[in-house]
Every structure is written in C-alpha cells, then in structure tokens.
Amino acid sequence: MLTVTTFSHPTNAKVKKLRYFCETVLVASAAWLLPRLPRFLILALARWVGSAAYYLDRKGRYAALENLRVAFQDEYTPADRRRIARLSYQNFARTFLDLFWATSLTSQTWQQHITIEMCDSHAEAQARETGAVWVTPHFGNFELVSLIWGFRGIPFTVVAQDFDNVGLTAIFKRLREHSGHTVIPQENAILKLTKALKRQGHAALLTDLNIPAGKVSTAIRCFGLLTCVPTLHVQLAMRLGLSIMTGVCQPLPDGRYKVSIFEAIRPQPEDDITAITQRIWDHFEAAIRKNPECWLWMYKHWRYLPTRDVYPNYPGYAKSSRKFTAMLEAMNIQIAQEKVS
C-alpha cells in the first residue's frame, strides 16, 4: 500500500499568519476609531461602504436581486429591486459600523439614540422574572437590538460563529459583550443555552437562517415560498415553559433607531412547533414588507427547492435537496392524516 503524506508549505503558513495579523490590526484600529467619530460621519461612511459593497459583491448582489424578484414578483420594477438591494447593503454596513460605534454607549446614554415600543407592557416584566428567548431576523440593526437589553439589565447569552482568525473572534466577542451579554461559540450551544435559561436567564437568537432539514428545523412559508428554518427558539421555550419575545430594530433617517416588540408568545407542550415558528415569522415578514430595504437580501434565504424539479418561482441559486423534499413529503402526509381523522 502506498501512503502519501502531505505537509503544509511553510510559506503558506507565514502568509496566513501575516494576513491574520493585518486583519486583527485593521479591525482593532476600527474598534478604537469608530466610537470616537461623530454620528453623522458614521452614517455617511455606512452609505459609502454599503454602496461600494453592492457594486463589488457580484454574487451577493445576484442573490439579493433574485430574492427580491421571487419575494415581490411584479410589485417592484427591476430598477426598484436594484435600489432596495443597494439600500440593504447600506443598512448592513450601518449595522456593522454601529457594532463598533456602540461601545461609546452606556446605560445612561443609549436612550438618546434608541426608542422602544412594547406591544404588551407586561411582557418584559414577566420575562425579567422567568427568563425568555428573544428573537429577531437579520433586519435593521440586529446587533444593536441585542445590546440595548444588556443596558436595561437583561443580559443575554448570545451564540456567535467564531472566525478562523482568533484575533477577530476576541474583538467581536468584546464588542457584543459590551452591555453585559455572554457570547458563546456554536459548539455545544444548545446545552449552554438550556443551562442559562434554566437559571432564569435570557437567550438571543436570529431565526431567519436557512438551514438543512433536521431535528431542529421545519418548513415554513416565507413570502409565499417554502424554506427550511431553525426551530431551536421554539423548542427551548416549549421545553422550559418560557416566553418568546419577538421584535425588530428599525433604523431611522436621523441616525436613531426604533425597537418594536411585537408579541410575547408562550408556547404550550401541545402546540405545533411549525405553527409557532410560522407565527413568529409572520410578524417579521410584515415588518420587512413595510421596509424591505432593512432586510439582509444578499443572504440565500431560499437555498433549497421544494421538489427535485426546477421551480421557476424560486431563486436561480436554489438547488434540490433530498432531505428538504423528504421533510415536505412527511409534513404533507401528516396533514393529510389529520384531515382524514
């Protein structure tokens, strides 16, 4: 038997080490500089960076325009879709820059920049007593909406993906923990979240991710199209008897933000997980339809086709998935059985 041993080239290792060092220095410099800039300059920089990213990011721009096409059909012209996609890039740039800028905020100053509207005035009080699962999509400033609850005395446990560059991971962990949160990696995240929630803690999750079909996912309708999304937030709340706090953080033209908390949903053990997941998403979709430029359209929200055949109503990047198709078939069988019974 012939055994082949491979070795990493020392030059490549040195290049990677140098690249990581330069990345860390650049991001660390931004973390020092951005909180010291005036607010109007942050907003102007976000518009410039977002516009540049829109024109330079060919793949992301294609995904954004395809997503807008299938989501709104003929509601918007091609020119409108390009405008919304460009504004979406600008919003993401503003979110990214504001994560750095927000280190200048304190528990005494954050209210100058953010207002909160609660649909249920008693929901937050109950959440403080029992703990809760807080969810939002990639809409508006999804980073800042997390930070402000730390300033309000509700520290979150937040799951964040680590960078290959450990230096960047450390910087972003510090930024996200600025108001008192605890950031944990994805490894063993479910166990850590469960432990935190059992101690009357709070967890923050982004729920508009498109993930492979599995035990912690389900199929819902997103802008009328079937997509596979996580159900971890529903399963945690159902298992521990907690409320799911739903809301978004909408950017305002003057540089401030408006946080809207829609509904505190307390799922019961007998509730259908898919129905609760759909109910939560419907709140988010309504907000996106009012302000489409605030959503992250360059993300592949409809990664999987609902069947093995080509579906023209789905984005051009969508691919068939046997697991997703099997999930849909199983759900259809279950629905059919319920109708028969």
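**View 1. Lys59 in helix α3 of a predicted model.** Lys59 is part of helix α3, which covers residues 58-72. Helices (H or I, at least four residues) and strands (E, at least two) are DSSP runs, numbered from the N terminus. Lys59 counts as exposed because its relative accessible area is 65%; exposed means over 50%, buried under 20%, and partly exposed in between (1.4 Å probe, protein chains only). Residues are numbered from 1 along each chain as its sequence is written. The model is predicted, so local features need pLDDT of at least 70 and side-chain atom pairs pLDDT 80 or more, while totals for chains, interfaces and linings use all residues, and side-chain values use heavy atoms, without hydrogens and water.

**View 2. A positive surface patch.** Arg58, Lys59, Lys300 and Lys319 form this patch. Patch residues have over 30% relative accessible area and no salt bridge, and like charges are joined within 9 Å. A salt bridge is a side-chain nitrogen of Lys or Arg within 4 Å of a carboxyl oxygen of Asp or Glu.

**View 3. Ile280 in helix α10.** Helix α10 (residues 273-290) contains Ile280. Ile280 is buried because its relative accessibility is 1%. Between Ile280 and Ile244 there are 8.8 Å in space, C-alpha to C-alpha, and 36 residues in sequence.

**View 4. The chain around these sites.** Eleven helices and eleven strands make up the count for the chain. Of the 341 residues in the chain, 49% are buried. The C-alpha trace spans about 65 × 65 × 55 Å along its principal axes.

Key:
Patches are made of residues with over 30% relative accessible area and no salt bridge: like charges are joined within 9 Å, nonpolar side chains (Val, Leu, Ile, Met, Phe, Trp, Tyr) within 5 Å. Accessible areas come from the Shrake-Rupley method with a 1.4 Å probe; for residues, only the protein chains shown count as cover. Lys and Arg count as positive and Asp and Glu as negative; His and the chain ends are not counted. The place of a charge is taken as NZ of Lys, CZ of Arg, CG of Asp or CD of Glu.
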